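Thank you for making time this morning. I would like to walk through one structure with you, slowly, for those who have not seen it before.

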Amino acid sequence: MTEQTEAPRQEEEEQITETETPPAVPTLDEYLSKLKCGGCGHGCSLLNPRCMRGATKQSSAESEYYSLYG
Ligand SMILES: [Zn+2]
């Protein structure tokens, strides 16, 4: 007696769903974190600037953000 085991074939259907994603509007934090102060050797992000120049840039970037997305 021989047992034959047949593994059932499962066809996996990959469904490619196209989802239309609207252009993502970054949050203010995301927007700021992508910007660099450019004023010191650390290149700190404007989300958490550690230099005077970064702090100044942050406030102007903030108003820039609101004029873009606000
Ligand atoms: Zn800096």
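This is a predicted model: local features need pLDDT of at least 70, side-chain atom pairs count only at pLDDT 80 or more; totals for chains, interfaces and linings use all residues.

Let me begin with helix H2, in which Gly54, Lys57 and Ala61 are buried.

As for its length, H2 has 18 residues and reaches 26 Å from its first C-alpha to its last, which is close to the 26 Å expected at 1.5 Å a residue. What covers the buried residues of H2? Part of the answer is helix H1, residues 28-33, which is included in that cover.

Staying with Ala61 for a moment, which residues does it touch once its neighbours within four places in sequence are left aside? The contacts of Ala61 are then Leu32, Leu35 and Leu46. Ala61 also belongs to the largest nonpolar core, a group of five residues whose other members are Leu32, Cys37, Cys44 and Leu46.

Glu62 is found in helix H2, and it counts as partly exposed because it has 15 C-beta neighbours inside 10 Å. Between the C-alpha atoms of Glu62 and Cys37, which are 25 residues apart along the chain, the separation is 13 Å. Glu64 also has its place in H2, which covers residues 52-69, and Glu64 is partly exposed, with 14 other C-beta atoms within 10 Å. Its C-alpha atom and that of Asp29, 35 residues apart along the chain, are separated by 13 Å.

Is Cys51 buried, exposed or partly exposed? With 16 C-beta neighbours inside 10 Å, Cys51 counts as partly exposed. Leaving aside neighbours within four places in sequence, Cys51 is in contact with Cys37, Gly39, Cys40 and Cys44. As for the pair Cys51 and Cys37, they are 14 residues apart in sequence and 8.0 Å apart in space, C-alpha to C-alpha.

Finally, let us step back to the whole chain, which has two helices and zero strands. Its radius of gyration is 26 Å, well over the 11 Å that the globule rule gives for 70 residues, so the protein chain is more spread out than a compact globule. Taken along the principal axes, the C-alpha atoms fill a box of roughly 85 × 30 × 15 Å. Buried residues make up 11% of the 70 residues in the chain. Among contacts between residues at least 6 apart in sequence, 17% join residues at least 24 apart.

Conventions: Residues are numbered from 1 along each chain as its sequence is written. A nonpolar core is a set of buried Ala, Val, Leu, Ile, Met, Phe, Trp, Tyr and Cys residues joined through C-beta atoms within 7 Å. A residue is buried if 20 or more other C-beta atoms lie within 10 Å of its own, exposed if 12 or fewer, and partly exposed in between; C-beta atoms are placed from the backbone. Two residues are in contact if their C-beta atoms, placed from the backbone, lie within 7 Å. Helices (H or I, at least four residues) and strands (E, at least two) are DSSP runs, numbered from the N terminus. The radius of gyration is taken over C-alpha atoms; the globule rule is 2.2 Å times the number of residues to the power 0.38. The expected span of a helix is 1.5 Å times one less than its number of residues.
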